[in-house]
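Subject: Structure handover

Dear colleague,

Here is the structure for your files. My notes on it come after the model.

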Amino acid sequence: MIDKIVASAEAAVADIHDGATVMIGGFGTAGMPDALIEALIAQGAGGLTVINNNAGNGDAGLAALIRHGRVRRIVCSFPRQADSQHFDAAYRAGEIELELVPQGNLAARIHAAGAGLGAIFTPTGYGTELAHGKETREIDGRHYVLEYPLHADFALIKADRGDRWGNLVYRKTARNFGPLMAMAARCAIVQVREVVALGELDPEAVVTPGIFVQRVVALADGTPAGAHA
């Protein structure tokens, strides 16, 4: 019987190792898997490469992971904002490395990894410092930059509901990078609000099929939810 439900967030992240590459879903705080991140902080893994849209908000979630000194390198599209003080401090102190990627390229490179592509050509970034040292090509009169896929050892994402096979549905814009990251990581770990019985999710509404998910943990207000079917 296929059953991907894990009893706790702590158990779900227990094997994330020092130096791992971890994708973390979320667009700012929307869709940020806070409980999984808190469990990862408690677990103690460090030297991480994190792939995320931004570099943390306030004091919680990804910002807390950076504040605890666990992130060695971050790949993101939007590192600076009014409440990114922990990233700002770490970057200015030389404690964290930054790879800045335009948002569309970030999504496309994650998708390329999940789709098994070797590389992509994108017009975004051509003629700027972001294209320095990279291969470029003119295709049908337009200039492109060669970019490589972004793979990860683990992805931490948040969905609204899931079943024991790992099929997922999301809540509105909290979906953001979740489906792409689930495809691009060797191990996708998902925090859901509710686990439902098999068959309760309309197959036409499933956004992430369970084949891309390895672990699901049900959390209601940060507490493990009840039994699953």
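The notes below go from the overall fold to single side chains.

This is a predicted model, in which local features need pLDDT of at least 70 and side-chain atom pairs count only at pLDDT 80 or more, while totals for chains, interfaces and linings use all residues. Residues are numbered from 1 along each chain as its sequence is written, and side-chain values use heavy atoms, with hydrogens and water left out.

Overall fold

The protein has six helices and 12 strands; these are DSSP runs numbered from the N terminus, helices being H or I of at least four residues and strands E of at least two. Along the principal axes, the C-alpha atoms fill a box of roughly 55 × 45 × 30 Å. Of the contacts with a separation of 6 or more, 73% are between residues 24 or more positions apart, a contact being heavy atoms within 4.5 Å.

Surface and burial

Of the 229 residues, 50% count as buried, where buried means under 20% relative accessible area, exposed over 50% and partly exposed in between (1.4 Å probe, protein chains only).

I2, W165 and L198 make a nonpolar surface patch of about 280 Å². Patches are made of residues with over 30% relative accessible area and no salt bridge, with like charges joined within 9 Å and nonpolar side chains (Val, Leu, Ile, Met, Phe, Trp, Tyr) within 5 Å. W165 lies in the loop between β8 (152-162) and β9 (168-169) and is partly exposed at 42%.

R215 is in strand β11 (residues 215-220) and counts as buried at 18% relative accessibility. Leaving aside residues up to four places away in sequence, the residues that R215 touches include K4, D15, F154 and C187.

Aromatic pair

There is one aromatic pair in the structure. F87 and Y91 are stacked, at 5.5 Å centre to centre with 20° between the planes. Rings of Phe, Tyr and Trp (its six-membered ring) pair if their centres lie within 6.5 Å; planes under 30 degrees apart count as stacked, over 60 as edge-to-face and the rest as tilted. The two residues are four apart in helix α4 (residues 85-92), so about one helical turn separates F87 from Y91. F87 is buried at 2%, whereas Y91 is partly exposed at 43%.

Salt bridges

The structure holds 12 salt bridges, each a side-chain nitrogen of Lys or Arg within 4 Å of a carboxyl oxygen of Asp or Glu. In one of them D88 meets R80, the closest N and O atoms being 2.9 Å apart; D88 is buried at 11% and R80 partly exposed at 48%.

Another joins K134 and E147 at 2.9 Å, N to O. This pair links distant parts of the chain, with K134 in the loop between β5 (120-122) and β6 (136-139) and E147 in strand β7 (residues 142-147), 13 residues apart. K134 is partly exposed at 32%, and E147 is buried at 6%.

E135 and R137 also form a salt bridge (3.1 Å, N to O). Salt bridges that share partners join R72, R73, E97, E99, R109, K134 and E147 into one network.

Regards

Terms used
Accessible areas come from the Shrake-Rupley method with a 1.4 Å probe; for residues, only the protein chains shown count as cover.
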